[in-house]
Amino acid sequence: MKKYVVETYYTCTFKTVHTLNNLDEIELSKIDQRNDGEVKVIDVKLNNRKTKKIGGKKDEKSSDSKLDKNMSDNISNQLPKQRKNQESITVNPKIKNNSRFKMPDRRKGYIQKAQIGDHKVYLHTGEYDDGKIGEIFIDTNKEGELVKAMMNNFAIAISLGLQYGVPLEEYVDAFIDTKFEPSGNVVGNDRILSASSILDYVFRELAISYLGKEELAHTPTIASSKILRNGNEDDKFLKIVKNITSKGFVRSNYEEKLVDLSDVRINLKTKN
């Protein structure tokens with residue numbers, strides 16, 4: 001059997017009521033020496049409670065050793081968790097900062113103007129040096145400030161996703177065939193004749209220009225019907241052309257857009 005001694009301390013607030021025949025300084029000076037007053041308890045508060053164990057020193061040492069072991073085990077278990085949390089906190093910002101591929105300051109791209117119904121849409125693209133798309137901008141007319149702001153911020157969100165590595169195919173699958181006004185016939189685009197919404201038109205155009213998805217186009221491509229003379233696309237001249245031209249603008253048909261200037265002579269004359 002284990003025995004414990006409990007010591008409890010209380011604070012008691014009380015008042016003493018005396019009856020005086022005469023209220024003067026002499027009676028008030030003797031009031032502390034009187035024992036005939038009526039005592040009334042106002043409040044009782046528990047201060048603290050101490051527990052003492054009655055037993056041998058061996059029991060105390062064993063209990064202390066058990067507590068020390070438990071404390072050491074808890075601390076040893078918590079240290080690896082804290083280290084993992086600290087490593088995750090320090091590693092995650094680096095991953096986020098390094099995973100974004102920012103656009104070059106001077107970049108390639110193209111601007112496509114089209115008209116959907118009575119609304120004009122201007123699609124601006126920006127490309128990396130290898131021709132991969134990295135940003136878009138969408139400008140419209142006949143729209144309110146709220147719609148323009150929403151379209152601009154939507155284009156910024158898409159651009160950030162592309163720069164963080166989201167494939168363009170994911171956006172194409174998500175926004176193709178979305179339906180809302182303005183919609184209808186498309187004027188000004190040689191590959192798209194109609195669209196169910198602005199987003200349907202934008203991502204249909206991007207899919208044709210950058211992903212080569214000809215099944216989304218309404219007109220056949222010229223390159224598919226023409227037989228290319230040179231099958232080698234990796235010659236030096238073509239590499240130079242790829243570096244200076246926009247992949248989206250030529251829709252990857254570099255050889256169809258080439259202009260042979262080998263027989264052109266330019267005479268430069270200085271004015272006297």
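Leaving aside residues up to four places away in sequence, Val-202 touches Leu-123 and Ile-138, where contact means heavy atoms within 4.5 Å. The model is a predicted one, in which local features need pLDDT of at least 70 and side-chain atom pairs count only at pLDDT 80 or more, while totals for chains, interfaces and linings use all residues. Residues are numbered from 1 along each chain as its sequence is written, and side-chain values use heavy atoms, with hydrogens and water left out.

The protein chain has 8 helices and 7 strands; these are DSSP runs numbered from the N terminus, helices being H or I runs of at least four residues and strands being E runs of at least two. Helix H5 covers residues 198-210. Just after H5 comes Gly-212, which takes a positive phi of about 70°.

Of the 13 residues of H5, 13 are buried, so this helix is largely enclosed by the rest of the structure. Here buried means under 20% relative accessible area, exposed means over 50%, and partly exposed lies in between, with a 1.4 Å probe and protein chains only. Across the 272 residues of the protein chain, 24% count as buried.

The largest nonpolar core has 32 residues, and those that touch the most other members are Ile-136, Ile-138, Ile-158, Tyr-201, Val-202, Phe-203 and Leu-206. Such a core is a set of buried Ala, Val, Leu, Ile, Met, Phe, Trp, Tyr and Cys residues joined through side-chain atoms within 4.5 Å. Two or more residues of this core come from each of strand E3 (111-116), strand E4 (119-127), strand E5 (133-140), helix H3 (145-163), H4 and H5. H5 gives the largest share, 9 residues.

Helix H3, another contributor to this core, has 19 residues that should span 27 Å at 1.5 Å a residue, and its end C-alpha atoms are 27 Å apart, which agrees. Among the buried residues of H3 are Met-151, Phe-154, Ala-155, Ile-158 and Leu-162. After H3 comes Gly-165, with a positive phi near 100°.

The structure holds 4 salt bridges, each being a side-chain nitrogen of Lys or Arg within 4 Å of a carboxyl oxygen of Asp or Glu. In one of them Arg-204 pairs with Asp-177, and their closest N and O atoms are 3.2 Å apart. Because Arg-204 lies in H5 and Asp-177 in the loop between helix H4 (168-175) and strand E6 (184-187), this pair ties together parts that are 27 residues apart in sequence. Arg-204 counts as buried, at 9% relative accessibility.

Arg-204 forms a salt bridge with Asp-200 too, with the closest N and O atoms 3.0 Å apart. Both Arg-204 and Asp-200 lie in H5, 4 residues apart, about one turn of the helix. An α-helix has 3.6 residues a turn, so residues three or four places apart point the same way. Asp-200 is buried as well, with a relative accessible area of 2%, and Asp-177, Asp-200 and Arg-204 are linked in a network of salt bridges.

A further salt bridge joins Arg-191 and Glu-214, whose closest N and O atoms are 2.5 Å apart. Arg-191 lies in the loop between E6 and strand E7 (194-195), and Glu-214 in the loop between H5 and helix H6 (236-244), so the pair ties together parts that are 23 residues apart in sequence. Arg-191 is buried, with a relative accessible area of 6%, whereas Glu-214 counts as partly exposed at 34% relative accessibility.

Finally, a word on the chain as a whole. Among contacts between residues at least 6 apart in sequence, 56% join residues at least 24 apart. The accessible surface of the protein chain comes to about 20800 Å², of which 52% belongs to carbon and sulfur atoms; accessible areas come from the Shrake-Rupley method with a 1.4 Å probe, and for residues only the protein chains shown count as cover.

Definitions and conventions
The expected span of a helix is 1.5 Å times one less than its number of residues.
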